[in-house]
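Dear colleague,

Please find below the structure that I am handing over to you. My notes on what was found in it follow directly after.

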Amino acid sequence: MSTPNNIFIRRNLIIRFCGEISSKKPLPCTKQIHRHSYWQMSFVMKGRVELYNETETMQFSAGDILILPPRSSHVINFSKLENLQMLSFKFDLTEDYHSSSDKFLLVRQDKFTRHWINVLEELSRSFCPLIMANSNQQFSPGDDSSMLMPIEDLLWSILRFYYFIKPQSRLDGELFFRLRELVNAEGGRPLTVSDAARKLGYSVGHLRTLVKARTGESTKNFIDRQRVNIICNYLKYSDLNISELAEQTGFSNPLHFYRFFRKYTDTSPSAFRRECWH
């Protein structure tokens, strides 16, 4: 077997220190606001604890994710906790990723953060049981611990999504980020302008005005172009025939599917697939 290319074994993130904090009673801790030179991410599985910096105090609660970039001022006040169970990871990035802010990011719990935390807990139990076996004791796994790589990859995905991608989406336009996500969630099936407006919290007229001003095209065209991108992936990577794919993506008639696809690509679905497969 040939030696793997570096791209497959390169690590974006290296865990230096990690552990579980679990207590029903207050724990001794420093209450002095401080900064450090490394990254830290903490995940509350149960309970809550106080979090503050120079300007604000808040509750860090079950389902929340805390991202502390280097030089962010903070205190996690373990002297004020309630039935806390939390995972914490201190790490370095292998590339110099510059942050636009040194302020910490607290991601409030929703169905997505809860899924992230559940997966992280299971990975920790499976690949690094020491994390879960010794509450309130943090340890260093060593820089060359390959068993931590699945956990590191998950942490990198969470960091990339919440700290780098989502802020960039706000610069590019939060509306368009959310609109694309709505289309993608349908898997190529239709999304009406009125349904999109309702889910985004806009009136239909306001949404149409915003999309037209930003893209120069109608909201329906914007949505349909995103659908076509998904359909292209089906044609390239699935073995569904054209009739099955038409049904999968919400077309009642393969002829309608054909016309829809050709309108945006200037080719037929069959021709596009042949080009991909040969």
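Tryptophan 39 is buried, at a relative accessible area of 6%; buried means under 20% relative accessible area, exposed over 50%, and partly exposed in between (1.4 Å probe, protein chains only). This is a predicted model, in which local features need pLDDT of at least 70 and side-chain atom pairs count only at pLDDT 80 or more, while totals for chains, interfaces and linings use all residues. Residues are numbered from 1 along each chain as its sequence is written, and side-chain values use heavy atoms, with hydrogens and water left out.

Aromatic pairs

The count comes to 13 aromatic pairs, where rings of Phe, Tyr and Trp (its six-membered ring) pair if their centres lie within 6.5 Å; planes under 30 degrees apart count as stacked, over 60 as edge-to-face and the rest as tilted. Tryptophan 39 and phenylalanine 91 form a stacked pair, with 6.4 Å centre to centre and 10° between the planes. This pair links distant parts of the chain, 52 residues apart: tryptophan 39 is in strand E2 and phenylalanine 91 in strand E5 (residues 75–93). Helices (H or I, at least four residues) and strands (E, at least two) are DSSP runs, numbered from the N terminus. Phenylalanine 91 is buried, with a relative accessible area of 0%.

Tryptophan 156 and phenylalanine 164 form a tilted pair, at 6.5 Å centre to centre and 50° between the planes. Tryptophan 156 counts as buried at 10% relative accessibility, whereas phenylalanine 164 is partly exposed at 22%. Ring pairs also join Phe251, Phe257, Phe260, Phe261, Tyr264 and Phe272 into a cluster.

Proline 269 and helix H10

Proline 269 belongs to helix H10 (residues 269–277) and is buried, with a relative accessible area of 1%. Not counting residues up to four places away in sequence, proline 269 touches Leu235, Ile242, Phe257, Tyr258 and Phe261; contact means heavy atoms within 4.5 Å. The C-alpha atoms of proline 269 and phenylalanine 257 are separated by 8.6 Å, the two residues being 12 apart along the chain.

In the contact between the helices, Cys232, Tyr234, Leu235 and Lys236 of H7 meet Pro269, Phe272, Arg273, Cys276 and Trp277 of H10.

Glutamate 50

Glutamate 50 lies in strand E2 (residues 39–52) and is buried, with a relative accessible area of 12%. Its contacts, again leaving out residues up to four places away in sequence, are Thr57, Met58, Gln59, Val75, Ile76, Asn77 and Lys80.

With kind regards
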